[in-house]
Amino acid sequence: MSATITSIAHYLPPDIYNNDYFATYLETTNDWIMERTGISERRFAKEGANSDLIVPAAKECIEKRGITPNDIDCIIVATVTPDHMFPSTACVVQNKLGIKNAWGFDLSAACSGFVFAFVTAAKLVESGAVKRVLLCGSDKMSSIVNFQDRSQAILFGDGAGVCIVEKSDDPEMGLLDHILRVDGNGGQYLNQVAGGSFKPASHETVDKGEHYIFQDGQPVFKHAVVGMADVSVEIMKKNNLTSDDIAYLVPHQANLRIIAATAKRMGLNPDKVMINIEKYGNTTAGTIPICLSEWNQNGKLQKGDRLILSSFGAGFTWGSIYLRWNMNN
Ligand code: UT7
C-alpha cells in the first residue's frame, strides 16, 4: 500500500518585484543577484496572511479532485510563517474552507517542510488513520524578511502549493521511499531568534531586528550543496535508479548553484531538473509543491514518471523522496 498525490494546485500573489526594485534602494545589481542566485523576480503579497495564499490554492485543488471540502479529514500546513504563533494555520485554513470533521496541525521544518510533511501525510494515509490529507506547503516570507539587508531581501518570495494525499490505486506508484535528516547544530546559521519562548518579543528584540530572518549565507550554502546532493544520490542507490530512470529532480529552490551541484552529482541533464527560481525566488515550504503543480499544469508530468524530491533548509533539515507520479495529464 502506498500514498500518492491525487490533485495539486498553487497560488502566487500577483505583485511582481524584479531585481531592479532592490537596486533602487540597496547596494545591489541585477547582475549580482542573477549570477549568485539565479533569481530574476519574486512575488510579495501586499496584504493578508499565509492562509490567504493557501486558501485559493486549496479551493482549486479540492475542485480539481472533484470532491467537497468535507471529504478532507486532515490538514497539514508546512510553514515557518504561520498566521499566528497559535492557533495553527491548519485551524485557520479549516475555518476559512468550512471543512467539517477534520483535524490538522502545522509542521515546522523550514525549506524541508513540504518533504517532511508529505512523508507524514503519506504515513497517516498508509496506516489507515486518515483518508485524505490536504497538504499545504506555504510561506509568506515577506513577513519576516529584513528588506534593508541586501543579503536576504533579494532571496525570498511568497507562495503556496497545495495537494491532496490519499491511498494510491497502484502500490508501485506514489511515495515509494524517503530519507529525512535533522542537525540542530545548523540552527546557528539560519534562524529567527526572537518571538518564541527563548526570547519573547520585547522592545529590545524589535530594536535589534531579531524578528527578522538571520542567515549566515556561506555555511548554509556549503552544507546545502553537500546535504541535498548526498540524500539525492543515496535514495537513487537505495532504489537502484540510474539518471536515465529519473524523469525529474524536484529540488528546493534556494539558489540555482545549489540546484546545479545536486543535479550534477546525480548525473542529470538540466532538462531533467524543475527550476522556477528565476520567477519566484525562495518561497521556503512552497517551492517544491509549486514546481510540481506548474509542471503538472503545463503537461510536462506523465503518469509513471519517477521523481526525486530534494530539500535543504533551516534546522538544519534536509531530505529526499522517491515518488512515482500517479496523476493522468
Ligand atoms: O533555503 C534555505 C537555505 N538557504 C540557502 O540555501 C541559502 C544559501 N546561501 C546562499 O545562497 C548564498 O550564500 C547567498 C546567495 C546568500 C550569498 O551568496 P555568496 O556567494 O555566498 O555571497 P557572500 O555571502 O559570500 O557575500 C559575498 C559578497 C559580500 O561582500 P564582501 O564582504 O565580499 O564585500 C556581501 O556583502 O557579496 C555581498 N553581497 C551582495 N552584493 C550585492 C551580499 N548580498 C549582496 C547583494 N548584492 N544582494
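Q: How do the residues of the shell around the ligand divide into nonpolar, polar and charged?
A: There are 9 nonpolar, 9 polar and 4 charged residues in that shell. Keep in mind that this is a predicted model.

Q: And how many residues surround the ligand, and which are the closest?
A: The ligand has 22 residues around it, and T28, R36, Q218, N255 and N282 are the closest.

Q: How far is a polar side-chain atom of Q218 from an oxygen atom of the ligand?
A: For Q218 the distance is 2.6 Å. R36 also puts a polar side-chain atom by a ligand oxygen, at 2.7 Å.

Q: Which elements give two or more residues to the shell?
A: Those are α2 (30-37), α6 (150-153), α8 (217-238) and α9 (256-266).

Q: Which of them gives the most?
A: That's α8, with 4 residues in the shell.

Q: Which domains does the shell draw at least three residues from?
A: Both domain 1 (3-167) and domain 2 (174-324) supply at least three residues each.

Q: What does the side chain of T37 have a polar atom close to, and at what distance?
A: A polar atom of the T37 side chain lies 2.5 Å from the backbone oxygen of I33.

Q: What about G38, where is that?
A: G38 is in the loop between α2 and β3 (41-43). G38 is buried too, with a relative accessible area of 5%. The C-alpha atoms of G38 and L155 are 9.6 Å apart, although 117 residues separate the two along the chain.

Q: Let's zoom out. How many helices and strands does the chain come to?
A: The count is 11 helices and 13 strands.

Q: And why call the chain as compact as a globular protein of its length?
A: Its radius of gyration is 19 Å, close to the 20 Å from the globule rule for 329 residues, so the chain is as compact as a globular protein of that length. Along the principal axes, the C-alpha trace spans about 55 × 45 × 35 Å.

Q: How much of the chain counts as buried?
A: 54% of the 329 residues do. Helix α11 (residues 287-297) is mostly covered, with 10 of its 11 residues buried. Among them are I288, I290, L292 and W295, and also E294 and N296.

Q: What does the backbone do just after α11?
A: G299 takes a positive phi of about 70° there.

Q: Where's A110, and what's its phi?
A: A110 is in the loop between β5 and α5 (113-127), and its phi is positive, about 50°.

Q: So are N101 and A110 buried or exposed?
A: They fall on opposite sides of the cut-offs. N101 is exposed, because its relative accessible area is 77% and exposed means over 50%. A110 is buried, because its relative accessibility of 8% is under 20%.

Q: Last topic, peptide bonds. Which residues does a cis bond with omega about 0° join?
A: F86 and P87 are joined by that cis bond. P87 is in the loop between β4 (74-78) and α4 (89-97).

Q: And which residues does the cis bond with omega about -5° join?
A: That cis bond joins G315 and F316. F316 sits in the loop between β12 (306-313) and β13 (317-324). As a general point, most peptide bonds are trans.

Key: Residues numbered from 1 in each chain as written. Predicted model: local features only at pLDDT ≥ 70, side-chain atom pairs only at ≥ 80, totals over all residues. Heavy atoms only, no water. Near = heavy atom within 4 Å. Polar contact = N/O pair within 3.5 Å; in protein donor to acceptor, adjacent residues only side chain to side chain. Nonpolar A, V, L, I, M, F, W, Y, C, P; charged D, E, K, R; others polar. Domains from an automatic or database assignment. Rg over C-alpha atoms; globule rule 2.2 N^0.38 Å. Buried < 20%, exposed > 50% of the residue type's maximum accessible area, 1.4 Å probe, protein only.
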